[in-house]
Amino acid sequence: MLRFPKPLVPAAIALAICCSLLAPAAAGAASRAAADDGGPGNRPPRVLILHNSPEPPADVATIDNLLSHFPVTTETAHSSELDGLAEGDADYIIHIDSIGASDREIAEAASVARRWNIPYMVFRAGAADRVFDGILLRYGNAEYATTAISAAALDPGPDGVGVAWLSDGRSERPLIVREGDRWQVAAGLANGMVAWLAADVLHDFLGEHHSEGATGLIVIENVGPLSDPAHLRRLADLLRGSLIPFTVAVQPAIRSSVPSERAVISDNPELADALRYMTEAGGTIVLDGSRLDPAKPDESAGLIARDIALLQEVGGYPVALYASRALAESLAYASDRAYFSNIIEFTDYRADRTRYSDIPYTRIRGADGTAFPESVGAASGDAEATLLASRMSRLGLVRDALSVVGLDASLPYGTIAAQLEQIAREAVMWRDIRYSAYRVETGFIRLSGRGDGTMDAVILNRDRMVELQKLEQQSVRYESITYYSSWTLVLVVAVFVVMFMLFIVIMQMRRNRRLFMERELG
Amino acid sequence: MLLYHMFLMLGGYLYAERMEKLKAQPRRQRPDDEWPTVSVLIPAHNEDIVIRYTLDAMLRLDYPRDKIEIIVIDDNSHDATGEIVDEYCARDSRVRCLHLKPPHAAKGKSNALNQGLRIAKGEFIVVYDADNTPNSAAVKYLVEAALEDPTIGAVTGKFRVINAKKNLLTRFINIETISFQWMAQAGRWYWFGISTIPGTNFLIRKSLLEEMGGWDVKALTEDTEMSIRLYEKGYKIRFFPLAITWEQEPETWKVWFKQRTRWVRGNQYVIVKNLPRILRRKQGRIVFDLVYFFFTYFVFLGGVVLSHLMMLLNLLGIVNITLPGPFLLIWLLAYILFIVEIMVALAIEKTELTTRNFFTLSLMYVTYSQLWLYLIFRSTWLQLRAAIIREEWKWDKTQRFQPPAAQK
């Protein structure tokens, strides 16, 4: 018989008790460690975007962009592919019904979500004869006037709760209904304010409760070599007086096919001084790339590098790029990469000649970048200033809305002052993007800010920088020669062509006359 | 090049105007005994299809009988050329026959001409290809043009295409020859007092030929080579378009390629052989002309290839030209200029400015003209290969076609 020494028995019992107590904790720690190592437990939630059109409709892109505000991944699939998916393939389903699918089809998709025990949201197009046109939106505790929203009829179900309501002035219908984890939106995202409304609702749908509070960002647009330095100084004073930080989207060179119209910022020392003055007044320089072509990433990257070099020449450092989303994405494919972690997303004009984004808040760009969509847009005159203010007011329905407002520096001072007066009435906290972490890199320079307002500027290749600065000046000279010589050639050739045509006519007339004489006089 | 050709065409037009005035003036009737003696050399190698028509035309030449001899050099023909020539020799005292047999035969046109030169008695030598049917006044015009100025070493006449209406290729060639003569020949003569001897319908002083040692037997384009040597001696080569001959042009693409390859190779030989030497001697006009040839066969070719490549890459979206300027307009104007320039040349020829020729010309730019690129590349390659492996050049005789009986 095996005997233990007496003193060891109580120690062994104590060890066994300790082990039994520590085992679950250790197991938990182990599983957490596995998750931290990138195991399946730590992946970002996956949102499955379903659609029922032959090609993904525009709403799919909109919802995808709205979702880029959240730490989720997205995947798009046709609704017919749903049967091929298994439980665990998605953590959320958002269904875009753009063709007015039957209730049964919607119910089938919803039942899959119920079976997988995941939240489900559907945006319904609705049959044309059952559409309700509303112009007043009730959401939360506020009412918002909106452009007409065509809403489908919803079946709220026995436990359905109205989240947003739409009114045509006489009657009211639910626009968004929630029944547990099942959400129904009665209109597509392109309808009036539906995209903004969806942006807010997505917080509840995804369970991502961002801190509430509206912020704003002012962008002074159209600042370039031909801008009036005195005008820019007055604008800076105006904004400083209103205690509003701002960004200045600078286009350091105007490139035109007509060399005489070309100009670079360093040609105008007063303008360079004005830019520095704006920076001291609370302005942050961003590089204006709104005119660059996304279809030509290499060319755009080259021009950006030259622009940064030109800005650097006058002591300016851009902390972000002011450009379309398409350009920002295409730059990643340029062989000489131009990298901006932060983008102020320039928005193109809509069909009604207004310019604002469907995305009312910041977007996450990769690991370390932020996109600031131009959510309110810019006004080109006094009349549109009111429109900007009302749009900004409506943005209040999004809990963490970002109002990006463009002020066109080419407008008269009075117009800009009036616009600013209107938008400054809104209760937003104006952002200074130098306090957002950023990184800019184009091969010869690296700029970075940790978000504390300081900047690290590292010139990686000074020769390249000087070369780029000269390149712009040289290209003006060489292109002038090419331009004028080619037009001279056109002129000379055209003169010769006309002269030769004249010769032909003369010779033919002479021949005809001779033939006539021969015929008549033998 | 664009500007230069415009300038040449302007010269061509002005020269045509001058010729019109000259034609309208009453000609001085020179007595028969005042005409110098002329030897017409006709090298012939297997030319039985065409030689009869050629000799008939020669016998119709309006020139004093006792002042002209027509020497047919039968260069070892294996067909009936020899018999036909003998028949004409027996029939007319003006015709003389020279039958070449190996080892002196079949060494190319230059060799045949040199053999003919050996027995020629005329003060002036006139050369015609075996497929030519000159107008009756052609030789008189050539001689008159030479007699006007002792510094004129050679006179070149105009050649026209006898089978122009045969098919699309001959239509192309017809337009090409007309424009070449009025642009390059007449234009250069008008502005710079130079032109290039073509292979046929030209006159040269016998004394000069003897002084220069005859034709260069190594040259594939003996005419261009001879032109350079005449320039070097300080003589002018006059283009005189009133002296007209009609010649047969290739009717098939295969024959055309063969003939043109020989021309290009020959001209490349002349450029490479003469340019370095002439550049050293600083003879302005010749240098200018040779540099022009050099540009045509080498530099301009590179430019055209680059331009085509850029256009293709641009269409495929691979390359984008960001240089400012009206480049599309230039291209369009260049095309219009091409059409209009050649139309001026066609209008000078009076009967050639037709709707059909206009459409042929419009097509020519994108078809026939582009084949020159291939030709030059091919010829350059053959030339290089010949230099590397020390290949001996062979004279490629241009194949003849049955002349239409009713023509001319």
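## A briefing on a predicted two-chain model

In chain A, helices H5(A) and H6(A) are roughly parallel to each other, because an angle under 35 degrees counts as such and their axes cross at roughly 5°. Please keep in mind that this is a predicted model. Chain A has 522 residues, 40% of them buried, while 44% of the 408 residues in chain B count as buried.

- Helix H5(A) spans residues 229–241 and helix H6(A) spans residues 269–280, and their axes come within 9 Å.
- On the H5(A) side, the residues that meet H6(A) are A:Pro229, A:Leu232, A:Arg233 and A:Ala236.
- Facing them from H6(A) are A:Glu270, A:Leu271, A:Asp273, A:Ala274, A:Tyr277 and A:Met278.
- Sorted by class, this contact holds seven nonpolar and three charged residues, with no polar ones.

**Strands and overall make-up of chain A**
- If you look at contacts in chain A with a separation of 6 or more, 70% are between residues 24 or more positions apart.
- Strands E5 (residues 132–139) and E6 (residues 142–151) of chain A run antiparallel and are joined by seven bridges.
- A:Tyr139 has A:Ala142 in E6(A) as its bridge partner.

**Confidence in chain A**
- The mean pLDDT of chain A is 85, and 91% of its residues reach 70 or more.
- Among the elements of this chain, strand E11 (residues 246–250) of chain A has the highest mean pLDDT, 96.
- Helix H1 (residues 8–36) of chain A has the lowest, with a mean of 43.
- Across residues 1–40 of chain A the pLDDT is below 50, and this stretch has seven contacts in the model beyond near neighbours in sequence.

**The sheet of chain B and its helices**
- Chain B has 13 helices and eight strands.
- For contacts in chain B between residues at least 6 apart in sequence, 83% join residues at least 24 apart.
- An open sheet of eight strands has the order E3-E2-E1-E4-E7-E6-E8-E5 in chain B, with mixed pairing.
- Strands E3 (95–100) and E5 (133–134) of chain B are at the edges with a single partner strand each, so one side of each is left without a neighbour in the sheet.
- Strand E1 (residues 38–44) of chain B pairs with strand E4 (residues 124–127) of chain B in the parallel sense, over four bridges.
- B:Ser39 finds its bridge partner in E4(B) at B:Ile125.
- Helix H3 (residues 81–91) of chain B lies across E1, E2 (68–75) and E3 of chain B, and runs at about 150° to E3(B).
- Helix H6 (residues 168–192) of chain B lies across strands E6 (152–161) and E8 (236–247) of chain B, at about 155° to E6(B).

**Where the chains meet**
- The contact between the chains draws 24 residues from chain A and 25 residues from chain B.
- On the side of chain B that touches chain A, helix H1 (2–24) and helix H11 (327–348) of chain B are the elements that give two or more residues.
- H11(B) supplies the largest share of that side, twelve residues.
- By class, the side of chain B that touches chain A has 20 nonpolar, three polar and two charged residues.

Notes
Residues numbered from 1 in each chain as written. Chains lettered and ligands numbered in written order. Predicted model: local features only at pLDDT ≥ 70, side-chain atom pairs only at ≥ 80, totals over all residues. Contact = placed C-beta atoms within 7 Å. Nonpolar A, V, L, I, M, F, W, Y, C, P; charged D, E, K, R; others polar. Buried ≥ 20, exposed ≤ 12 C-beta atoms within 10 Å, placed from the backbone. Pairing = 2+ DSSP bridges. Axes fitted to C-alpha atoms, helices over the stretch in contact; angles between N-to-C directions. Parallel < 35°, antiparallel > 145°, perpendicular 65-115°, else oblique. pLDDT = per-residue confidence, 0-100.
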